[in-house]
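I opened the model to look up the ligand site and the pockets. My notes follow.

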Amino acid sequence: MEPNRARARELAAESRITGDPTGWFEQLYQEQEQGQKVVPWADLGTNPSLLEFAGAGKKALAVGCGFGDDAQQLAAWGFETTAFDVSPSAIRACQRRFPESAVEYVAADVLAPPEEWTGRFDFVLEVYTLQVLPPELRPGAIRSLAGFLKKSGTILLIARGREENDPEGSMPWPLTRRELDAFAALGLREKSFEDYFDKESPPVRRFRATYVK
Ligand SMILES: C[S@@+](CC[C@H](N)C(=O)[O-])C[C@H]1O[C@@H](n2cnc3c(N)ncnc32)[C@H](O)[C@@H]1O
């Protein structure tokens, strides 16, 4: 048995007998502080399972990225991130705001995206872009979003939501669940669907959904 674990087990057993079953952790960390390498779980690095759960080794695409904050977050979580917006000025603003960024910022149109993005991404983030497109353009945009995914990849969509029989409203137009059924029609599985009011003042009804290819 490796010595580190042996010392931890010894202390754990003693602690248990004396009726203080978690008291040994402090003792263990004190011994480590004194230079004995006794903490068996001290890899002193991020847990590989955590990295895998986040983005390490995975490619993400941020759609209609605006000023880039969500794309930056994806990169901070470890995703190899591409972010695009139809507005070249928005993309220049991202590049100015985050000059050292690992994110690749690109001016592109979700309705006519670069061909090489097809089937390339593990994770696609769509926040508030479908809702600024007039209804007749959304099916094409949804086709693009689904097309970006690799097999087993996930889309996370966050948008305003409404009932089918609610007024259509004005831009940004809330989406209906039926519009989002288009993902299923393209062969994606709805993995989660939340319908909630956010914390804005006044609160706004949102849909937050994930779809898996
Ligand atoms: C409401 S903003 C949301 C921006 C960002 N996702 C956020 O949450 O801050 C919608 C964004 O979609 C972009 N956009 C609109 N039509 C687009 C299209 N056809 N292709 C790519 N981006 C588009 C706009 O330029 C704008 O930055």
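A polar backbone atom of Val127 lies 2.9 Å from a nitrogen atom of the ligand. On its own the ligand has 590 Å² of accessible area, and the protein covers 72% of that (Shrake-Rupley method, 1.4 Å probe).

I noted that this is a predicted model, with pLDDT of at least 70 needed for local features and 80 or more for side-chain atom pairs, while totals for chains, interfaces and linings use all residues. Numbering runs from 1 along each chain as its sequence is written, and side-chain values use heavy atoms, without hydrogens and water.

I then checked two further contacts. Val86 has a polar backbone atom 3.2 Å from a nitrogen atom of the ligand. For Asp85, a polar side-chain atom is 2.6 Å from an oxygen atom of the ligand.

A pocket here is an open set of points on a 1 Å grid over the protein atoms alone, where a 1.4 Å probe fits, with protein on both sides within 12 Å along at least five of seven lines; lining residues have an atom within 4 Å of a point.

This second largest pocket holds about 200 Å³ of space. I found 13 lining residues, with Gly64, Asp85, Val86, Thr129 and Val132 nearest its centre.

Last, I looked at the largest pocket, which has about 620 Å³ of space.

Conventions:
Polar contact = N/O pair within 3.5 Å; in protein donor to acceptor, adjacent residues only side chain to side chain. Points joined across faces, edges and corners; volume = space filled by probe spheres on them.
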